[in-house]
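Please find below a note on the model, arranged as numbered points. It should be read alongside the sequence and the coordinates.

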Amino acid sequence: MKKIPLYLQILIGMILGVIWGLVAVKYNFVEFNYDWIRPFGTIFIKALKLVAVPLVFLSLIKGVTSMSDMAKLSSIGGKTILFYTLTTIVAITLGLLVANSFKPGDTFPQEKRAELLEQYKHKTENIKAQAGEVKKQPALQAIIDIIPDNIAEASTDNSRMLQIIFFAFLFGVSMVLVGQEKVKALKAVIEAADAVILKIIDIIMLLAPYGTFALLAGLIVDFSGDAALFQALAWYVLCVLAALLSLVFIFYPVLILIFKPFKITKFFREMIPVQLTAFSTSSSAATLPLTLSKATKDLKVPKNVAEFVLPVGVTINMDGTGCYQAIAAVFIAQVMGIELSIAAQISIVLTALASSIGTPGIPGGSIIMLTVILSTAGIPMEGIALILGVDRLLDMCRTVVNVTGDVTIASVLGKQQLTQ
Ligand code: ASP
């Protein structure tokens, strides 16, 4: 396996995983798959998640402290927020355009509607209960939530990444304010620790082909019973895929062509392993280690920019998620026979934007926020049952877009810094 490039190894793993999954379903090895194959996928994802918190923490501190002064930091920080917000708005608007033009809800068989609402009733109730907790909080809760009251506790939960980012940012800024001389030793420790974490990631990535094999096999086995559901939701799935593909193959390439950080072919070549990992893990946080190393080592995004922009992007920039949420909301409204006014559609843009900032980069991270989007736009939350059956697959696809968007913006900002 040694001489085959990583992305090919992962691709082979995925293809073999699909083949094995089909064999397991056909010849009834489902239990064998559950006992002896699936665990390797779980081990791979757990190992990647294991390094997510220390990696975000260390790389963000490194990114912040490598800025020469506060003016530079606030300039990069401001541009990062601006670019992330604008690209997410484009993605959500694209989602709305696709859903309103192709009307996936109109082809949905109505008899399936009652069936799905019943089938996923229990799951929907759970999601609604969690969303209810989110809704009952004060308007500024989102800001309150960014500030951890105990950093040790915050570090125990991958979904609290925004809190880790906050602390790492504060720590880095304070190191700059204390002055180079006093923090010299601490900086050396942080750099050494970061190098160790990156080495751990190299080791974990040796597992990637086997992990993706197991993950894809598990997925095929899970979906094998749901062929009819797929048929009913085919047009919806196609709409989401078309919109996500347009982001990856049109929108980001246009940005790369305009800002010219590197050749477009190089971008696609180097992004493949990152995208495959995002696809198989459904988690931008779990993919971050690879995203960072690809961006800095192969795409040559300046380290100080990548180490600042990428860890932040994993949590606050989710173009794929925003685009998907817009289509899902309009689809559910169409199936439920609800006409969405312009005001309701604008509310979808705004809530999806806010939700993409707060959504953790973990599998299914955005589902709870989707209920908030639905209720703000006046769409019954129960409707979420209609799309849960295919959410896992679409989660994999939107995560690919999320990480591609992060690297695109990091590359654009890196290029801008170099030319200044
Ligand atoms: N799984 C997505 C990510 O990690 C988040 C989501 O859309 O659920 O980027």
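1. In which helix is leucine 11 found? Leucine 11 belongs to helix H1, which covers residues 6-26; helices (H or I, at least four residues) and strands (E, at least two) are DSSP runs, numbered from the N terminus. Its relative accessibility is 33%, so leucine 11 counts as partly exposed; buried means under 20% relative accessible area, exposed over 50%, and partly exposed in between (1.4 Å probe, protein chains only).

2. On the basis of the model: this is a prediction, in which local features need pLDDT of at least 70 and side-chain atom pairs pLDDT 80 or more, while totals for chains, interfaces and linings use all residues. Residues are numbered from 1 along each chain as its sequence is written, and side-chain values use heavy atoms, with hydrogens and water left out.

3. On the overall fold: the chain has 20 helices and zero strands. Its radius of gyration (over C-alpha atoms) is 21 Å, close to the 22 Å that the globule rule gives for 420 residues, so the chain is as compact as a globular protein of that length; the rule is 2.2 Å times the number of residues to the power 0.38. Of the 420 residues, 52% count as buried. Residues 24 or more positions apart supply 85% of the contacts with a separation of 6 or more, a contact being heavy atoms within 4.5 Å.

4. On the salt bridges: the count comes to nine, each defined as a side-chain nitrogen of Lys or Arg within 4 Å of a carboxyl oxygen of Asp or Glu. One of them joins arginine 38 and aspartate 222 at 2.8 Å, N to O. Arginine 38 lies in helix H2 (residues 30-65) and aspartate 222 in helix H10 (residues 208-223), so the pair ties together parts 184 residues apart in sequence.
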